[in-house]
Amino acid sequence: MTKPGNEIRRKPKKRAYRWLIYAALAIIYIWAFAGIPYTGIKETAGQITKAIIAGIFSPDWDYVYLPDGEDLLRGLLDTLAISMLGTFISTVICIPFAFWAATNMSSSRWVSGSGKMILSFIRTFPEIIMAILFIKAVGPGSFAGVLALGLHSVGMLGKLFADEVESLDKGPVEALIASGASRLQIMWFAVIPQVLPGFLSYTLYRFEINVRSATILGIIGAGGIGTPLIFALSSRNWERVGIILLGIVVMITIIDMISGSIRKKLV
């Protein structure tokens, strides 16, 4: 039982420790902002800002569908296809990595540790860096975007899958082992039914992230709606920028709503 005098002595120490943390954070922020070069605001900043706002709030509705060329619907469909195919590729690849990295599926910690190390190594490369590498390898276009998303998603999706495998109930597995079931039967009847809902939920969650990433990868030439967006920004066609941003917002909102409702039923 603590004495009242000890509590009184501890309060000033806690306050001093708290103020010390606040002061250290303030010094770090001041040092960080001091290193940012500030050259002032350009004279044309107000004019450009008005043009951007006016273009965004008066979008180019004619760009939604163009019979003879690239339009908003084709760009959004391309982005959706890139994210779907990239998510499918990463899901198929990361399933064996997940069982490799799961500690309860390996006979040694060195085995599962090596799997976790590989997944961590893959996660260190952002998808935009992978997209640049694949653009150099296979050329610009949707194929580079699919490869970049597919490989980058293996790291995070494999980690989530491995956590799901590690949290499964060992009761059904032990019951099948006691009845003399083979490893394939144990995997099919005890492991997969437990981890499948979590796998599907994480896959849908990763698909939502990949849709957003696919729009960014198009800016560097990896296909999708980002390509016409960067062209519109370069030519300062703010009306087209507005309709493209509006299309991206609508598409991502619809996908989030559908994916969220499906994940609630799965988990």
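1. Phe121 has a relative accessibility of 53% and therefore counts as exposed; the classes are buried under 20% relative accessible area, exposed over 50% and partly exposed in between, with a 1.4 Å probe and protein chains only. The model is predicted, so that local features need pLDDT of at least 70 and side-chain atom pairs count only at pLDDT 80 or more, while totals for chains, interfaces and linings use all residues. Residues are numbered from 1 along each chain as its sequence is written, and side-chain values use heavy atoms, with hydrogens and water left out.

2. The count of aromatic pairs comes to 5, where rings of Phe, Tyr and Trp (its six-membered ring) pair if their centres lie within 6.5 Å, and planes under 30 degrees apart count as stacked, over 60 as edge-to-face and the rest as tilted. Phe99 and Phe199 form an edge-to-face pair, because their ring centres are 6.5 Å apart and their planes stand at 75°. Since Phe99 belongs to helix H3 (residues 72-101) and Phe199 to helix H8 (residues 183-217), this pair ties together parts that are 100 residues apart in sequence. Helices here are DSSP runs (H or I, at least four residues), numbered from the N terminus. Phe99 and Phe199 are both buried.

3. The rings of Phe121 and Phe125 are also edge-to-face, with centres 5.3 Å apart and planes at 80°. Phe125 is partly exposed, at 32% relative accessible area.

4. A cluster of Phe99, Phe161 and Phe199 is linked by ring pairs.

5. Val165 sits in helix H6 (residues 142-166) and is buried, its relative accessible area being 0%. Beyond its neighbours within four places in sequence, Val165 is in contact (heavy atoms within 4.5 Å) with Phe99, Ala102, Asn104, Met105, Val195 and Phe199.

6. Tyr29, in helix H1 (residues 4-34), is exposed at 53% relative accessibility. Tyr29 is one of the residues in a nonpolar surface patch of about 1200 Å², which also includes Tyr17, Trp19 and Phe33. Such a patch joins nonpolar side chains (Val, Leu, Ile, Met, Phe, Trp, Tyr) within 5 Å, from residues with over 30% relative accessible area and no salt bridge.

7. According to UniProt, in an unreviewed entry, residues 76-259 carry the feature "domain: ABC transmembrane type-1". Across residues 76-259 the chain is 83% helix and 0% strand, and the end C-alpha atoms lie 17 Å apart.

Note on methods. Helix = DSSP H or I, 4+ residues; strand = E, 2+ residues; numbered from the N terminus. Patch = residues over 30% accessible without salt bridge, like charges linked within 9 Å, V, L, I, M, F, W, Y side chains within 5 Å. Areas by Shrake-Rupley, 256 points an atom, 1.4 Å probe, with all protein chains shown as cover. Salt bridge = Lys/Arg side-chain N within 4 Å of Asp/Glu carboxyl O. UniProt positions renumbered as here; feature names shortened; annotations may be inferred.
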